[in-house]
Amino acid sequence: MRVSLEKITKDFRKVRVLQEINLDIKDGEFVAFLGPSGCGKTTTLLIVSGIYKATSGLIKFDDTIVNKLVPKDRNIGMVFQSYALYSHMNVYQNLTFSLMLKKKSKQEMDKAAKETAEMMGIGHLLGRKVGMLSGGQQQRVALGRALIKKPGLLLFDEPLSNLDARLRIHMRSEIKKIQHDLGTTAIYVTHDQIEAMSMADRIAVMNEGIMQAYDTPSNIHDKPRTLFVATFVGNPPMNILDVTLKKENGKTYVNLSGGLSLEIPPERTPEFIPEKVKMGIRPQDLEIGKKEGLPYNVFMIEPTGRDDVIICENKGFRFTCLATPGHNIKEDDKVKLAFDMGKVQFFDADTEKSLLWN
Amino acid sequence: MGFKARHSSSTAGNPVQKPNLGGGFNLRPGKNSLGNKYDWLLFMGPAMLLVAVFFITPVIIVFIISFTNMSSLTGFSNWSWIGFENWIKIFTHPQSGQHVEVTIIYVFFTLILFNVGLALVLAILTTHIPKAAGFAFRALWLVPRITPVVVYIMMWRYLMADSPYGIFNELIFRPLGFETSEMVAAYPYIAIILVNGFIGASFGMIIFTSAIESISKDIMNSSLVDGANILQRIKYIIIPQIKWPLMFVTTFQTLSLITSFEQIMLLTDGAYGTEVWSLWAYHKGLNNYFGQFQWGFGMALAGILVIISIVFCILYLKFFKFSDMIQEPKIETL
Amino acid sequence: MIVKSKLKASPQTIPRTFPWGKVIPFTILLAFSIPLILGIYWIVISTFSVSTRGLVPVDSAGNPGGLTLANWSFLKDPILWKLTLNTFILATTLTLGVLLVSSMAGYALARINFKGRKSFLGSTMILQAFPATTLLIATYFVLRFISGVPLISIFGYDTMGGVILVSISTQLPLGIWLMKGFFDAIPWDLERAALIDGCSRWRTFRQILIPQIRPGIAALSIFSFITGWSSFLIPFSFMTNPDTAVISTYMNRLMQETAPVNYSAVAAVGLFSLLPVIFFFIFTQKYLLAIFAGGMKGGS
């Protein structure tokens, strides 16, 4: 099922919480809504599901306008953060509740429940009360309940945030695989960028009710369209600094504080240069050495296991960089940072829009 | 499993269960099936009907009939409008002063000594003895409230009866050589205050107990570390911390006391000068020994109580911020 | 050495003080509770006595002794069972009515957006504090009017139906508030899931939400049943027919009319009517305390 949102706006009382959201989802596509809490991603999801009404704008499933359809007529399945299982029913009853409401026969319900439960690996639990299940098992029941009616669209509202870290990684790949095998269109709301990056075909990054970007995970990461996307996606976050750009002899240079000036390669040179510019560079694109580059003090070292995060400082300005363990760097060391100028980003400081990607 | 049964026991016999009244969700998709805008009526209907018939209508009736001379002499057909005559009569009636006086005495002393005072003492004491004992005492004090009022009044009548029956007289006064008496008749004010107070104390007790128990343990412990004894703790920690529950109970119980007469009616039926205002209204308007009802005048007497009640209710709404308890619904399809 | 022995000895040398902090509150509580304890004790003892002097059972001549079961002979009286049935009908119908009406209204007020929701919530709060006793005289007129209307005259004056409806109404503000509070506590996602699964609002209410608020239903049921079982003023005011009398009004007549009141016999009826209440109370204290704390209307 294709989904498209056209200029969706939502007001709660008089506060605008969504501003003209436009979004197209292809059939079978897995789209993640990513953003900090309160950004409007769950509200958007609830508008798609029919729980909330859009203040204005159109929601289309395939080519049908569904604005006025109630949730049950939208052919959707939804998985909630709290699972929202019917605690007074057992697993079988939870799974088949929607079928029962459609007055399906006992045989159909049994067959569907068996298939779904087996797919979710909960076949042996059908008779249990849901209160007696572990978190992971409840999660599977919730997923099964959404899948059993063979919906055209699957909606996920932060479904993994109540699981422990190990189970979360496991369920991540499992959900992705099931969605891929069934070929069902899916919308997945999360504030966890790793979930979004690893599961989604495309990611819609939202902030304060505005859609900041809608693109593939690699484009979101490598070609951020706004300052917000650049800083929200990527871990550790991108370093941002105020700079000025100047052109000389057909080449463009960036002036850093301390009078240093670096040449920008042509593919990263903005066409239009506003007065105030912010430059962004990801920690992995900074190389710590002792010989070449800009001089910095090592302020703090945070081991994360795979990499060490190293925070360097010069004249009150801090950079986050990465180093592989065994690097021999200690706090208060004097180091030099080399910039990979082929990977820098530039943003208009006033509009916070990228100067490189539109 | 419950969800196969079409009617669960708690909803049996309700007329709105007919499925065709189920509202917009049964409409065909594609048409406007955003849920019937009036489905809420289905849920609210019965409550609204009862409130309209048994709260709003009576309030209106009180004020309408208070402007008539309707009584058991005029019947329901021969009455006439008499303007403010009943209301003026309230101020000129020779007994008004006495009824106001006994009402004030009764409300004031029951409130201060029992509904707030004893309630606070009970709450503080039962939270300072072992949990099980505290619970048992609170349960004991709830017994008067849940006991059928007729049984409760009978118990008090016997407690205060004259020798050789009465328990107080037999156990306390006669052994000590005091003169015995029928105590309800001898000390009518004390009797009605005691009888109502022993019921009333439990309301404040429960509310104060939960308020005291919700005072943070850290505050209590730090006051112990600072060396406060129990009286200091009551004065400096407990009372200030439960200021709002105290005010709530005081105002709420004031109104309850002003308008309640059930116990007094059963104990003295207004004899010995204990006819409080609300009982006076009840006697005049609805129930008296001679079967002579002055509905118009009774309604005016009740009207005074209705006005007092409305004023109190508005004060609650203003001061206790009930509107904070209202949350916005988070489903919009209906 | 000395220091060591001192250290060792010190735990034992702490004087075992008398626990005044526990005993004093306990004693005060007991003192205040004496009338209640005596009264309850008397009710029990007198039902097995010919008569009592203070707390001492006596025979007809006034000598100590005189224990008897005669006071309980009313158990063989069919009238009593008729009264008990009436009282039971009043209490159960009241309970069912309060549950049904207030859970529906509580749900709508907690969960459905409709015009006038806030004003209805506001008026429910006002009604909670509003003393229904002030409206008794006017309610009499309402019931008289209903009596004159065909079909609904079974809810009129001097009928059990009328008494039940008035009783439900007086319980309603508390019931609605309580139910609304319980509905407020159910996660929204549960209801959303049911709507997506295909439930109507009514079905969601009945099959998904009602099972979630069982403790609230239990609390309100018990409270309503006890209130209905013990109620006096409303049946007394609006039912004069002895055929529909309930235990409390019957007892009142016993105490008013029989010339020298046979307290022991009345006490036996009283204890009999108190039994279901005590039974409920003992087994459901926790629920009841919750509901009392939740904002009960103070009787007096």
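Q: Before we start, what counts as buried here?
A: A residue is buried if 20 or more other C-beta atoms lie within 10 Å of its own. Keep in mind that this is a predicted model.

Q: OK. Take helix H7 of chain C, residues 188-197. Is that helix enclosed or in the open?
A: Largely enclosed by the rest of the structure, because nine of its 10 residues are buried.

Q: Which residues of H7(C) are the buried ones?
A: Asp189(C), Leu190(C), Glu191(C), Arg192(C), Ala193(C), Ala194(C), Leu195(C), Ile196(C) and Asp197(C).

Q: And what covers them?
A: Elements from two chains. Chain A brings helix H1 (41-49), E6 and H2, among the covering elements. Chain C itself brings helix H3 (78-111) and helix H8 (201-209).

Q: What comes just after H7(C)?
A: Gly198(C), with a positive phi of about 115 degrees.

Q: Let's look at chain A against chain C. How many residues does each side give?
A: Chain A gives 15 residues and chain C gives 12.

Q: Now B against C. How many residues are in contact there?
A: 100 residues of chain B contact 92 residues of chain C. On the chain B side, helix H1 (residues 39-65) provides the largest share, 17 residues.

Q: How does that chain B side divide by class?
A: Into 67 nonpolar, 27 polar and six charged residues.

Q: What is chain B built from, helices or strands?
A: Chain B has 14 helices and zero strands. Chain B has 334 residues, and 44% of them count as buried.

Q: Pick a helix pair in chain B. How do H4 and H8 pack?
A: Helix H4 (residues 131-146) and helix H8 (residues 188-213) of chain B pack at about 135 degrees, and their axes are 8 Å apart. That angle makes H4(B) oblique to H8(B).

Q: Is the crossing left-handed or right-handed?
A: H4(B) passes H8(B) in a left-handed crossing.

Q: Which residues meet there?
A: From H4(B): Arg138(B), Trp141(B), Leu142(B), Pro144(B) and Arg145(B). From H8(B): Phe198(B), Ile199(B), Ala201(B), Ser202(B), Met205(B) and Thr209(B). By class, the contact has seven nonpolar, two polar and two charged residues.

Q: Now helix H9 of chain B, residues 217-225. How many of its nine residues are buried?
A: Zero, so H9(B) lies largely in the open. H9(B) is followed by Gly227(B), whose phi is positive, near 90 degrees.

Q: Where does Phe84(B) sit?
A: In the loop between H1 and helix H2 (85-92) of chain B.

Q: Is Phe84(B) buried or exposed?
A: Exposed. Phe84(B) has 11 C-beta neighbours inside 10 Å, and the cut-off for exposed is 12 or fewer.

Q: How far is Phe84(B) from Thr68(B)?
A: 16 residues apart in sequence, and 8.6 Å apart in space, C-alpha to C-alpha.

Q: Back to chain A. What secondary structure does chain A have?
A: Eight helices and 20 strands. The C-alpha atoms of chain A fill a box of roughly 80 × 45 × 35 Å along the principal axes. Of its 358 residues, 39% count as buried.

Q: Which domains are assigned in chain A?
A: Domain 1 (3-231) and domain 2 (236-348), from the domain assignment.

Q: How far apart are the two domains of chain A?
A: Their C-alpha centres lie 39 Å apart.

Q: And how many residues make the contact between domain 1 and domain 2 of chain A?
A: Four residues come from domain 1 and seven residues from domain 2. The domain 1 side has three nonpolar, one polar and no charged residues.

Terms used. Residues are numbered from 1 along each chain as its sequence is written. Chains are lettered from A and ligands numbered from 1 in the order in which they are written. This is a predicted model: local features need pLDDT of at least 70, side-chain atom pairs count only at pLDDT 80 or more; totals for chains, interfaces and linings use all residues. Two residues are in contact if their C-beta atoms, placed from the backbone, lie within 7 Å. Helices (H or I, at least four residues) and strands (E, at least two) are DSSP runs, numbered from the N terminus. Ala, Val, Leu, Ile, Met, Phe, Trp, Tyr, Cys and Pro count as nonpolar, Asp, Glu, Lys and Arg as charged, and the others, Gly among them, as polar. Domain bounds come from an automatic or database domain assignment. Axes are lines fitted to C-alpha atoms, for helices over the stretch in contact, and angles run from 0 to 180 degrees between N-to-C directions. Angles under 35 degrees count as roughly parallel, over 145 as roughly antiparallel, 65 to 115 as roughly perpendicular and the rest as oblique. A crossing is left-handed if the near helix is turned anticlockwise from the far one by less than a right angle, and right-handed if clockwise.
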